[in-house]
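Please open the structure in your viewer and keep the selection tool at hand. The stops below follow one another, each with something to select and something to look for.

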Amino acid sequence: MTNSAHANGIDIPKHILNFTHVDGGTLWSNFLSLDLLFSTGRDPAKNPSSGAVEFYGIYRGDLSLNQALKTQTFAMGSVLQDVSLQIGFDANTKNTDFAPAKKLLVFGPDFHWNIPGGFLSTAIQFSKEWNNNGITGQSVSFDPALEMEVVWSVPLGFTHLPLSFDGFGNLVGPKGTDGFGSNTKTEVLTEPRLTLDLGALAFDRPRRLDAFVGYQYWLNKFGNDHTEVPGSLASTVFFGLRYHL
């Protein structure tokens with residue numbers, strides 16, 4: 001993270017707890033992800049004696065147009081599997097001086113592409129965000145903006161390991177002015193990762209225990225200009241374990 005004293009960035013160790021739920025039938029599918037992030041004192045809370053704690057939640061629900069309309073109009077041979085209508089929301093809070101309290105609604109088509117053994121989806125969304133600026137002490141209602149989301153998982157069978165390349169990427173267009181009256185910038189967030197199915201590799205129990213390593217790049221975080229607003233550019237390497245219930 002960059003700040004005024006460290007223009008080239010400082011390292012901020014974090015511990016992250018994540019809960020993810022995915023389910024789906026032929027008509028409707030759900031995705032829910034909840035993150036709880038604990039920073040060290042380099043990213044201080046409003047009470048600077050401790051590191052900040054942040055919550056970020058995401059929900060996306062998809063309605064299959066092929067299934068809803070009893071058609072295959074939204075399929076295209078071996079290329080396009082389906083198109084769905086997606087609706088969702090993000091919710092965020094962090095106990096810092098800035099005190100963000102993001103609330104985001106999204107709606108739009110989601111294109112599901114045919115990937116052998118994996119998946120790839122791209123969504124083009126209408127988005128509307130509300131947030132908080134604890135520095136100026138005001139709530140902020142941003143302009144509607146274009147949002148694009150991509151999610152993928154591609155098995156790497158050529159490695160002869162239960163290994164996959166997966167992740168997501170988001171692009172949010174400018175959304176008017178922020179709580180300081182500054183114009184917002186295009187925001188880019190991407191998080192590719194390599195995931196190894198340890199359950200399949202070591203215990204003959206596939207999709208039970210994963211190990212992963214990844215990289216997160218977040219440009220113009222929350223729409224802030226990273227050249228002017230400290231903390232608006234993040235470049236993070238992470239690793240961890242995931243257990244499937």
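Is tryptophan 218 buried or exposed? Bear in mind, before selecting it, that the model is predicted. Tryptophan 218 has a relative accessibility of 9%, and because buried means under 20% relative accessible area, this residue counts as buried.

In soluble globular proteins, nonpolar side chains tend to be buried together. Phenylalanine 222 is buried as well, with a relative accessible area of 13%. Now look at the rings of tryptophan 218 and phenylalanine 222: six aromatic pairs are counted in this model, and these two residues form one that is edge-to-face, with 5.4 Å from centre to centre and 70° between the planes. Moving on to alanine 234, and leaving aside its neighbours within four places in sequence, you will find that it is in contact with Gln216, Tyr217 and Trp218.

**Second stop: a buried aspartate**

Next, select aspartate 82, which belongs to strand S4, the run of residues 80–94. Aspartate 82 is buried and yet has no salt bridge, for the nearest side chain of opposite charge, that of lysine 70, is 11 Å away. What does the side chain of aspartate 82 make a polar contact with? Its partner is the side chain of serine 64, at 2.5 Å. If you then display the surroundings of aspartate 82, not counting residues up to four places away in sequence, the residues it touches are Ser64, Leu65, Asn66, Phe74, Asp110, Phe111 and His112.

Although alanine 99 is not a glycine, its phi is positive, at about 50°, and with a relative accessible area of 25% the residue is partly exposed.

Finally, select aspartate 204, which sits in the loop between helix H2 (198–202) and strand S11 (209–219). Aspartate 204 is likewise a residue other than glycine with a positive phi, near 55°. Is aspartate 204 buried or exposed? With a relative accessible area of 69%, aspartate 204 is exposed, whereas aspartate 82, from the second stop, is buried.

Methods
Residues numbered from 1 in each chain as written. Predicted model: local features only at pLDDT ≥ 70, side-chain atom pairs only at ≥ 80, totals over all residues. Heavy atoms only, no water. Helix = DSSP H or I, 4+ residues; strand = E, 2+ residues; numbered from the N terminus. Buried < 20%, exposed > 50% of the residue type's maximum accessible area, 1.4 Å probe, protein only. Lys, Arg positive; Asp, Glu negative; His and termini not counted. Salt bridge = Lys/Arg side-chain N within 4 Å of Asp/Glu carboxyl O. Polar contact = N/O pair within 3.5 Å; in protein donor to acceptor, adjacent residues only side chain to side chain. Contact = heavy atoms within 4.5 Å. Phe/Tyr/Trp six-rings, centres within 6.5 Å; stacked < 30°, edge-to-face > 60°.
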